[in-house]
Structures are given as structure tokens and as C-alpha cells.
Amino acid sequence: MKAIIIAFLLFISISGIAQFADKASSLVFYKLSEQDGLSDDQANCFFQDSRGFVWIGTMDGLNLYDGSVFKIFKTRNRSSTELADNNISAVAEDKLHRIWIATIGGLSMYDPQADSLHTWRVEQSHHDNNYMKDVKVDAAGRIWVASYNGLHLFDPVTQKFTTYRIGLANGQTTPGTNRFNNIFFDSKGRFWLCTFNGLWQFFPDEGRFSRIEATDKMEPASNFVSSIFEDHVGRIWLGFWDTGLRLFDPVSKTISNPFDQANAPKNVISITEIKDISGEYHLLCSNQLAELDPDSKKFWNINFSEQEKENFGVMVLYTSKDHLLWMATNQGIRIMDPSRQVFRHFQLSNTQISNQGVSMLQKGTGIYVGGHREYFLRLYDSAFNLKKIILPNFEIIDNGQKHFPALLNMVREDVHHIWLCTEDGLLYYDEQTGTYKLMQIPAADSLPRTRNFFNNMFIDSKGNHWIFPWRTGIWQVDMSAGKLKKIFGGFTKENNVPKNLLIAAAAEDNSGNIWFADLDEGLLRYDHLTQKFSKPLEKQFGGRYSLSNLHIEGGAIWGVIKGIVFRYNGSDEKLETWKIPNEFDKDVYGFCSDHSGHLWITTRSGLLYFGEETHSFKRFGENDGLKENVMSGTLIATREGQLVYAGGNYITRFNPNQLLHTSTPPAVMITGISSMNNPLQIKNSGGIKSIDLNYKYNNFTFKWAVQNYSNPLQNQYYCKLDGVDKEWKYVGHIGEAQYASLQPGHYTFRVKGATSDGIMNEKGDFVIVIIESPFWKTWWFIMCVAFGAIAIIYSIYKYRLNEALKLEKLRSRISTDLHDDIGSTLSSISILSDMAMRERNGNSVSMMKEIKDNSVDLMEKMDDIVWSINPKNDSLENLLIRIRRFAAKLFEAKGIDYDIDIQENMDRIRLSMESRQHIYLIMKEAINNLVKYSGCDKASIKVSVVHSSLNVEITDNGAGFELSESKSGNGIMSMQSRAEKMNANLKISSIHEKGTAIHLQVKIK
């Protein structure tokens, strides 16, 4: 029984109806489900936005599909920054490219620029207020929402809803009147509403509803209007819940039902229209997927291919901008591309008809098909209806045993005769009489058992019949003697035994030379002038490579070997090669050429196309309508320009021109960049995309999409990072690439992509990535560091120079002190000694005492100088210990009651040599004066450090003195001079008969 199926390709005009009328008709759909990343298999709606991305609302989440991956939106807490609900009813887009989402729990909006969600809900006066079924944006940019309790107008500025409800004349409403299913704006700008109580027109400026009332001219129908659609010629179609499809005239306000009801669907949930590659439109409805032909007023149910055996309902139909049909089912999404409905399949048997491959030969408009036993040779018409069974269960008796050889190949001799190459002999068959003549190679010790396994045959322009027994070399048929003779065995030896050739095919060039395709040794040439055989491409490809077929165009020989398509010109020996892309490079079984010169290659991963002029590759597989990807069968070209492929038990026929019509490259777009799991904002200035980041962001994940949804999960993705990648990288079927530890600099990330059948967008997309250097690697910082280093070096130099000068001054001062003190003291000692030597009276005793005192004083001064310049005594604690010892010695010698209070932890405070000497000598001078002149019986020394200042206080209870009279004293002047050199504060106070106090404050930190 022939199934009548809708066709979107190869349309045959039958009574003006575009359809397939052969038994092979079935549509090919591509499937997307939860296994592919969809949030839920139950889809409710589709919407394609201005960027070309497809939004899919499901029962459990919103999906953004870019052709590469799904981005899923779900709510957990139903907050104002999440989706209102996970059950999505409809999606729309406004002029600002914001996405509006109707859910059964409220209205949501997604802002792609900010990557943010917002949700609003109507006041809960009725539980159905937020059960929203549709959302649309009108020409004025207003947001309209259909709910189960009225029509809502949402103002994004005020974020308020205005609700409109239908009220009948008596103030009552029929149940379901305000339950709205769909909002629809027709091409004339009219506003229509589908409700549970019929079709209504809405006038937004007036806030008024008008029901499409029933008239005598109107066909009775259910009140539940489930869908509405306007086709390409302006006809408006209504879908009713239980009475099917209706035609609505908005002018006369009538609804008609002029269709043949034989196959009319009863429940129409969704309506759409799709255009095929020939430009014809097809009106489709669901949930039983069917097509209506408006001209014939008849319906046809649409069958699925063998890959779609599930019994599912089609809930929603949607046509995207690229003319693809999207279908929401309860078992995932189905996508149908009209341009891919090219392959026509014809089942020959439930089992394989041959274990040696199926052979074919065209006869008129029909085709011979060769197999095994009952399928040995059959003739089919152009629609692959069986016309004749020829030589059923053909047998050969050899040594008393029956053999049922398979038919391996067929070659036409003339109008009425063909050669049949079998597993056990060569048959010359007469098509008129149905008789045949069997030819075999007699047994011989030098010939293998497979000598009569005739792989193929070729008849050249001179009438020579070349035959190719399996691994037996090249033979010819002596037509006059009716015998077979060997022409050539082979070129090489294996284990000292000549290796016979295994020829798969042969052809003749325009010079009369014969070219052979050998399954072991590649391309062979027979020179008809020298009658010699050669291997012309042995140097280029080596001595062993497999060639299963060849095609000659003029003087050029085309061939396909592992990974390479080649063209060899026999006259000038020029060889050209084209590499098969890695993703297509699977085992090659054979190839043939179509009428345009393009090559079609059968491989382990489908059918591969190679353009003779463009040198481009495309691949077609099961998702494009092939029965299977492993194409190890036979492929031939018919005289009508079609290609026919024979599998194990079926035939596939297709028009290569129709298969190649989709030549428009797909859009390729970079969809996101992230670093350290943080999304990055891409700037777009004048069409140039860029990002500018600091050096910390040197690990990147780039994402991009090929916007082709015909077979999206088989799209091909390529990328290249200039400055890192030398060549383009193939990354598979998902547009994602990662780069780590990039150095600061300027990079350009480039992407491109191809559809599943290899249509490449070479231009692609790109983004400039700028990674700023850390501040310590910037030129200004390096210059600052350089200048800073120079300044530091100069400062160190100046410091050392100053220190050297200070040391020189110190040395000079010490030298002067030593010169003055020691010189004057020594002079006095010298004078006193001379006087003591001259005088022999009592004066000599006093002089000797003075000499002793001067000597002791000199030693003390020398000891002070040596102590002050010793670096071991740099700490303040060492200075105060020396002062304590010095003071205690003098105070005790004079019988003075004293108190020395020195703050603890002075050992951490370091003093310069000069400061240490000044402080010590000031304190020593003060103590000496106290002991010599004060006449006190009590004295006190207090030393402390407060706020980085050294405070020294020396007091007594002695006679005191008048400061005015003592200012010119050498001791006080020396103390004041030393204080000034340290920028210290020296204060001396004295009260007659009450004592003296000396305060020294020195900054030490």
C-alpha cells in the first residue's frame, strides 16, 4: 500500500497538490531532548529573537538555544529577580531587545545586556490573574499579556498592570469568556483574542471587546478557540479544540469549514506555514500533524521516518526565520528542514539480498539490481517497483556441486546484451531471449581458487574486454574464441611469490590509455602505444595504497584515497591533492561523479561531497535523511542526473542539485567570554568587539555559536587565537575553547564554523582581547623605577659623602679637642715639672700634686673620647650606665645623698656617635659642676624617653647661683653649644640657697 505523505522536496504535481506519492515517502526530523541539554522534554512554545537565537519554553524551565548549547533559566524562590514560574507559556521581544516571558505564575523580563531577570505579578484578587498564556508586543511597543482572568497591559515604566475583562450586556460572562489563550495582531494591525468562549476582537484605544457572533453563514463550531494564524496570502485560520481547522474572514466576520472531512483533524492546537526549497507554501496543523491544501480542500497526515517510531502528539508548531519547522512534543523537540527532505528510500527486502554487496546497472528508466539467490537479478522501474525477476536462484554446477554465486557487477555490451560478473564465472546475458553464456578460467596450479571471482569488467573504445578476477591480475576476453586470457599479473612479489593485482575499476582517457584502480597498489596505467603497465603515483603516494574507483574527465584522472582527493593529469604528470577535513576523514568505500563533475564519496561516516571547482567538502548523514552512516554499498549516477545508492537491502535515490542548494554560510557569533568563572562584558565600537582587562585575567573561556538549527548538534566549530595558535583548531560540535596563562599583550580571538554538511562561514566573528601589563611592567613605572634608582643611588652617594664629611669634621674636632686639652695639659705639666725641678721648697709638692691632677684629668678626657667613638657603645643604655658609674663615684666621694632613676629598656635605642658624645659630656659637665660648686647634700638624676624624646633632669639642693653671672662660664657655654649642635633643648634653672635644676630634651627617633 502506498502511503501518501507530504513532501517538501521533489514535488510531483498531482491534481495541483504538492506531495509525494511513492511508498518511500517519510520526513526526516532532527531531535532535541533532555539528553542534549534541554531542561524538559515537554515544550510549550518557541520564539526566535532578533539575534537569531531560539527561546524554548518548557514545563520546567526556559531555554535559550544558540545552536551550540542550551542556557537554562529556572526559578527556585519565585523572587522578583527570578522567573515567575518554571512553566513557560510564551515568549516575545520588544524594541529594546528585552525578552518578555509569560508563565503560569506571572510575567518576567530578561535583559540580555545586563543579563538580569525581573518578575511582576498582578494583584492576587483572583488566582488566575497570573496564569498567563501569551505575551505579545504591539507596533507601539506596548506589552500585552493574556491570562486566565483577563487581558493585561503592562507598563514597563510604572511597572503596573491595567486589566481588561469582557463583560456581557447583562453584566454576566459565560464561563471561560475571560480565559484567554492567544493574542494575535494580523497584517492589518487588528487585535484578536482566542478564548474559551469564542474569538474576540479588541480595540485597545477604546478598551472595548467585540465577539465574532454566530450567523447563518457561519459553520457551527466549538467555543474553545485554541489557535489563530495568518498565512502568506493573508488568510486567517482558526484552530478549535474539538472541531478542527476553520477559515476566518475578518471583513465579513464569518467562519467557514469548506474542507473534505475524510482526514480532517478534530483537535487543532497549533497552526503554522512552511516554505519548501521550490518556494511553495504548506499549511500545517497539529496535534495530529497534518497538511491542508487550501486549493483541493483536503488534508494529508504526515508520516515520520523509521527513526521516529514513537507515538507522540505534536503540541506546538513554529516556523523560524530560516524556514525550519519546530515541533513541541511530549518526547522532546523535533526540527524539520524542508531542504533536507531529499533522500528517497526503497526497501527491497527485510534481510540483506547479498553478502557481497548490491550491484546496479541502469536500463532505460529502470534499474537492474543484482544480489544473491532469489535476488540474483531483478529489474525495477524508476519508482523501484519490481518489474521482472531474472535468473532467480541462479546456480552453477562445478564438479557435481551446486553453487549459488552472488552477482558482483554488471556491464552493458550493447542494446540487448549485458555482462554479469559473479562469484563463480562471467555471464554474457541476452536480455531478449533471457539466455546466457558462462565463461570461466580453467583450473591451473598458478591460479588461486578465486580465479572465477570476477570483481568487475571494462570495455574500452577498441572493443577490448578487460576483466578482473579476484587477486588474479588483469585479463581479457577473447570474443572470437570465447576464452579468457591473462594480460598482466602484477609488479611486486611477496615472499618470493608474484603478487597479483586486485583491480576494482577501470576507465579510458581521451588518448586511449587505460587506467586502473587497484585495491592494494593504487592507480595503474596501461600505455596503449607501448603496451606497458606502470604505477605513475608510486613516488607521491608510495607503493601500497588503496584506490576503489576512478573517474576520468578529459585527460585528468580523479581518485579518492585515505584522507585525500586527487587529480592527476596523465599528459603533463601534474598532480593536485586536497586534504579531506579530519572530522570527515573516515574509511572510504567508493565514489562516483555526478553530471556537474562533483564527486560523491561513500565513507564510514556518511556521504561526502567534493566540489570540483570550489574544492570544498560537505557531509551528509543519518540526520540528513540517510538510512545509515556506514555507506559500504554501491553508488552510481543515472542518465537523468540522479544518484542511486544500494545498501544491503534497500535503495536510496536523490537529486544532488537539490541536496546542494543550501549554500548560504551560517551566521557565526561569539556569545560570551568569561575569566576565572566571571562573565566579561564585551565592548562593541563601530562593529569592533573588544575587552580590556588587567593582568590578573589571563585565563579565558570563549563561547560561540553556529546559527544553523537544521542539524545543530552536528555543527562544526573552529577557532584561532592570533599570537598563540599557528593554525585553525577544530574543537568539535560545541563552540567552546579555553586558554590559560596568557601573557600581557594584544590578542585577537577568531572563530568560524560550518553546518553539519560542511558549509563553512570563513568570515566568522572575532574579538580583540587586551591584557594590560601589571603596573610594574609599564613603561612609566619602569621609567619611575629607573629615575628612583638613580635618585636612591645619588642619595646614598650624597649620604655617604655627608657622612664622610661629618666624620672628617668629627675627626677634626676630636683632633682639636685632643690638641687643645692634651696640648694645654701637657704644657702645664711641662711647666710645672720644670718649676718643681728648680725649686727645692714646699712649692714643689703643690706643683707635683697639680701635675698629678692634670695627668688624671687628661686620662679621663682621653678615656671619654675613646669611649665615645667606640661603636659598641651606640646604645643609650651603655651611655647611661657610664653616667651612673661616673655620678655615683663623685657623689659618694663627696658624701652626697643621691638618687639615679633611669627608665628601663634603653638598650633598643641607638645613638649616633656624635649625639652620644654630646649627651655624655653635657651630663658629665653638669654633674661635675654640681659636685664642685653646689655644696649640696642631695642630688637627683632622672632619665626617661617620652614620645621619641630623651629627657634628662639633674637637680640638687645646693647654694644655687645667679645665671646672669654664670652665662659666660666655660662649662655652661660648652653645654649650650653641644645642645645647639644636636638641636636639643637645654634649660638651666637655679634659685639661691635652694638648688639648681638642669633639663635636657633631645629628639632621638
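Analyst: In this structure, Asp94 and Arg98 form a salt bridge, and their closest N and O atoms are 2.7 Å apart. Asp94 is buried, with a relative accessibility of 8%. Please keep in mind that this is a predicted model.

User: What is the general idea behind such a pair?

Analyst: Side chains of opposite charge can pair when their charged atoms come close. The structure contains 25 salt bridges. One of them joins Lys74 to Asp60, at 2.9 Å from N to O. Lys74 belongs to the loop between strand 7 (70-73) and strand 8 (88-93), and Asp60 to the loop between strand 5 (54-58) and strand 6 (61-65), so the pair ties together parts that are 14 residues apart in sequence. Lys74 is partly exposed at 40% relative accessibility, and Asp60 is partly exposed at 28%.

User: Are Lys499 and Asp520 buried or exposed, and how far apart are their closest N and O atoms?

Analyst: Both Lys499 and Asp520 are buried. They form a salt bridge whose closest N and O atoms are 3.4 Å apart. This pair links distant parts of the chain, 21 residues apart: Lys499 is in the loop between strand 47 (497-498) and strand 48 (503-508), while Asp520 is in the loop between strand 49 (514-518) and strand 50 (522-527).

User: Which residues are linked in a network of salt bridges?

Analyst: The network consists of Arg471, Lys499, Asp520, Glu521 and Lys535.

User: How should I read Glu273, which is buried yet has no salt bridge?

Analyst: One looks for the nearest side chain of opposite charge, and here that is Arg235, 5.3 Å away. The side chain of Glu273 does make a polar contact with the side chain of His232, at 2.7 Å. Glu273 is found in strand 24 (residues 268-275). Setting aside residues up to four places away in sequence, Glu273 touches Phe229, Asp231, His232, Tyr281, His282, Leu283 and Thr319.

User: How many aromatic pairs does the structure hold, and how is one of them to be read?

Analyst: There are 59 aromatic pairs. For Tyr794 and Tyr797, the ring centres are 6.3 Å apart and the planes stand at 40 degrees, so the pair is tilted. Both residues lie in helix 3 (residues 779-838), three residues apart, which is about one turn of the helix. Tyr797 is partly exposed, at 49% relative accessible area. Ring pairs can also join into a cluster, as they do for Trp144, Tyr164, Phe180, Phe185, Phe191, Phe202 and Phe209.

User: Over which rings does Lys752 lie?

Analyst: The charged end of Lys752 sits over the ring of Trp728, 4.5 Å from its centre. Lys752 also lies over the face of Tyr718, at 5.8 Å from the ring centre.

User: Which residues other than glycine have a positive phi value?

Analyst: Asn496 and Asn983 are among them. Phi of Asn496 is near 65 degrees, and phi of Asn983 is near 55 degrees. Asn496 is in the loop between strand 46 (493-494) and strand 47, and Asn983 is in the loop between helix 8 (970-981) and strand 76 (985-991). Asn496 is exposed at 71% relative accessibility, and Asn983 is exposed at 70%.

Technical notes
Residues numbered from 1 in each chain as written. Predicted model: local features only at pLDDT ≥ 70, side-chain atom pairs only at ≥ 80, totals over all residues. Heavy atoms only, no water. Helix = DSSP H or I, 4+ residues; strand = E, 2+ residues; numbered from the N terminus. Buried < 20%, exposed > 50% of the residue type's maximum accessible area, 1.4 Å probe, protein only. Lys, Arg positive; Asp, Glu negative; His and termini not counted. Salt bridge = Lys/Arg side-chain N within 4 Å of Asp/Glu carboxyl O. Polar contact = N/O pair within 3.5 Å; in protein donor to acceptor, adjacent residues only side chain to side chain. Contact = heavy atoms within 4.5 Å. Phe/Tyr/Trp six-rings, centres within 6.5 Å; stacked < 30°, edge-to-face > 60°. Lys NZ or Arg CZ within 6 Å of the ring centre and 35° of its normal.
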